[in-house]
Each structure stands twice: as structure tokens, then as C-alpha cells.
Amino acid sequence: MRPASKLVAALAGFNADLLLEKNGKCVKPDSLNQIALLQVRRNDKLRLLARGPDADAALAAFQALAADNFGESPAAQPAAAPATPERVEGAALRYPLALIQPLRPAAADAAREQQRLRQAIDQTLADLIALTELAENKFHADIAAIFAGHHTLLDDDDLFDAANDRLLTEQCSAEWAWHQVLMELSQQYRQLDDPYLQARYIDIEDILQRTLRHLQGVQERVPTPGEPTIIIADNIYPSTVLQLDASFVKGLCLRDGSEQAHGAIIARAAGIAWLSQQGEGAEQRAARRDYRARYAPPAPYP
């Protein structure tokens with residue numbers, strides 16, 4: 001998502017009507033989500049359509065960004081990740097993915113719910129700034145860019161407007177409206193045919209649950225074991241992986257998940273073993289207090 005984030009930033013602020021086109025499909029380039037859902041791949045042709053006082057300036061900015069490979073330098077190499085051992089051992093810790101699944105109330109004050117949602121989004125944006133700084137301090141710019149991208153993804157007027165529409169038409173709570181909008185977006189990512197982009201659904205749900213926690217005043221729970229541990233879970237959010245202490249968390253064994261998820265990328269940077277798509281095997285391992293796993297590190301993903 002980093003090139004898409006660069007594009008959103010580069011085209012922000014121009015007094016012009018802009019459309020980004022790929023193979024006849026057009027989206028507004030001020031939405032990271034819409035750009036990502038175009039499924040732009042290497043060597044795809046993109047065209048920017050611009051009209052208005054700043055049209056020429058916007059086109060020039062687009063051309064400059066394209067000439068710079070959208071900020072992605074092929075020669076640049078991220079900092080080397082710690083070597084992950086082929087075998088990791090530790091106590092099995094079952095970590096349930098904390099999900100807030102709001103019920104739809106009969107009626108609500110739309111104006112009050114809009115205010116609550118706006119405040120929760122602002123708090124989540126502040127969280128993402130802090131997570132970006134944490135990633136920069138713990139790892140390197142490539143990992144920090146994940147959470148900077150989350151910030152850009154959330155700071156999207158289309159999402160807030162869609163939730164507001166539900167608040168007005170359905171007279172529901174902020175929790176319900178936001179849950180519906182972001183789960184629909186998550187489902188769109190799940191349905192993409194690009195495995196790398198498909199795996200971004202968990203990022204959407206990470207942001208969703210963080211916002212819901214702010215709405216309901218629920219504290220985030222991050223595993224903090226005091227001994228060598230392998231975490232067993234159905235799935236895990238990227239922001240949770242970022243906050244794990246790799247001196248104690250030696251591995252992650254997931255029922256679902258993906259080797260291309262941002263959580264996997266962060267785990268590799270931390271030297272934490274990552275096993276995904278383990279199905280029922282994850283539950284069987286969770287039943288064993290002393291779990292030992294052999295781990296074959298996957299090839300790195302972009």
C-alpha cells in the first residue's frame with residue numbers, strides 16, 4: 001500500500017477534479033482504499049484525468065511521482081531482519097482475537113453518534129501515529145510505512161461519510177454503522193484475486209476494532225508473557241504483532257492468517273517465527289503446554 005499512500009499524499013490539496021484510471025475503471029485518487037481496490041500491479045498502465053485550476057500542477061505531480069517509481073526504489077534494501085531459527089520452543093499461549101461485535105439498537109441520536117464516531121476516529125488516528133513512531137524505533141521505515149498507510153487509509157472522508165449515511169438512514173449506533181462500513185470494505189479486500197492485497201483485510205479489521213475499543217472504552221490487550229512462548233491464535237492484528245516482545249514471544253501459530261499479511265512481515269523483522277493456515281492443527285497445539293515447532297522461513301514479500 002505504500003505506493004498508493006504516496007499517490008494520495010502527492011495529489012492532496014490540488015484545486016482540481018481528479019480521477020485515476022486503470023483499464024477503464026476510475027476512482028478518486030484521494031482514497032487509499034479505492035486505489036488499493038484497483039489492484040495495480042507492476043507494469044500496469046495508470047492514467048490521471050484532471051480538470052480545474054490546478055489540473056496541470058496535479059498532472060505534473062503525478063508524472064514526477066511515476067518517474068520516481070512511486071517512491072519505491074528498487075535498489076533500496078530494508079534493514080536486515082534478525083535470523084529466525086529453524087526450531088523454536090516455548091510454552092503454548094492461546095490468544096483469542098478480541099472482537100467487539102456491536103448489536104444494532106432500535107434508535108439513536110444521529111448527531112450524538114456522529115460526534116462519538118468522529119472522536120473515536122481521531123483517537124485511532126492518534127494511535128496510528130504512535131504506532132508508526134514505535135515501528136520506526138523498533139525496526140525501520142518499511143515497517144513504519146505499514147502504520148502510516150493505516151493512518152492514510154482511516155483518514156478517508158468516504159468512510160466517515162458512509163457511516164454517517166447509515167446513522168441518518170438507519171438511526172443506529174456509531175458502533176453499528178462503523179462496523180458495517182468497515183466489514184464491507186474488509187470483504188472487498190477478501191474478494192480480490194491478488195493474494196498480497198487480499199491479505200490486507202486484516203488491516204481493515206485491525207483499524208475497525210481499535211476504533212470500536214475507543215467507542216466503548218475498552219482497553220487493548222497485548223500478550224505479555226514472561227517466559228519463552230509460542231502464541232496460538234485464529235489470527236492476529238498487525239498492530240498486536242508490532243507490540244510483542246520478541247525476547248519472550250518466539251513464534252506465532254495461526255489457524256488462519258497469511259504469509260503475505262503485514263503481521264507476517266513484522267514478525268520476520270522481529271525474528272519471530274510465523275506459521276499460518278494451520279487449521280485445526282493450531283487448536284491441537286494450543287492444548288499442549290510445552291509446544292515445540294520447526295519453522296522454515298518463507299521467502300520475503302515486498
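In which sense do strands E5 and E6 pair, and over how many bridges? I started my look at this predicted model there. E5 (residues 229–233) pairs with E6 in the parallel sense, and I get five bridges. One bridge I looked up sets Ile232 against its partner Cys253 in E6.

**E6, other neighbour.** I then went to strand E7 (residues 273–275), which runs parallel to E6 and is joined to it by three bridges. Here I find Gly251 opposite Ala273 of E7. I followed the chain from E6 to E7: the path goes through helix H11 (residues 262–270), and the β-α-β crossover is right-handed.

**E6, burial.** How many of the six residues of strand E6 are buried? I have five in residues 249–254, so the rest of the structure largely encloses the strand.

**Arg200.** I found this one in the loop between helix H8 (195–198) and helix H9 (201–216). Arg200 is buried, yet I see no salt bridge for it. What I do get is the Arg200 side chain reaching the backbone oxygen of Gln260 at 2.9 Å.

**Leu153.** Last stop was helix H5 (residues 141–154), where Leu153 sits. Buried or exposed? I have Leu153 as buried, because its relative accessible area is 1% and the cut-off for buried is under 20%. I also checked Leu153 against Ile204: they are 51 residues apart along the chain, with 8.5 Å between their C-alpha atoms.

Definitions and conventions
Residues are numbered from 1 along each chain as its sequence is written. This is a predicted model: local features need pLDDT of at least 70, side-chain atom pairs count only at pLDDT 80 or more; totals for chains, interfaces and linings use all residues. Side-chain values use heavy atoms; hydrogens and water are left out. Helices (H or I, at least four residues) and strands (E, at least two) are DSSP runs, numbered from the N terminus. Buried means under 20% relative accessible area, exposed over 50%, partly exposed in between (1.4 Å probe, protein chains only). Lys and Arg count as positive and Asp and Glu as negative; His and the chain ends are not counted. A salt bridge is a side-chain nitrogen of Lys or Arg within 4 Å of a carboxyl oxygen of Asp or Glu. A polar contact is a pair of N or O atoms within 3.5 Å; within protein, one must be able to donate a hydrogen and the other to accept it, and residues adjacent in sequence count only if both atoms are side-chain atoms. Two strands pair if DSSP finds at least two bridges between them. A crossover is right-handed if, with the strands pointing away from the viewer, the path from the first strand over the helix to the second runs clockwise.
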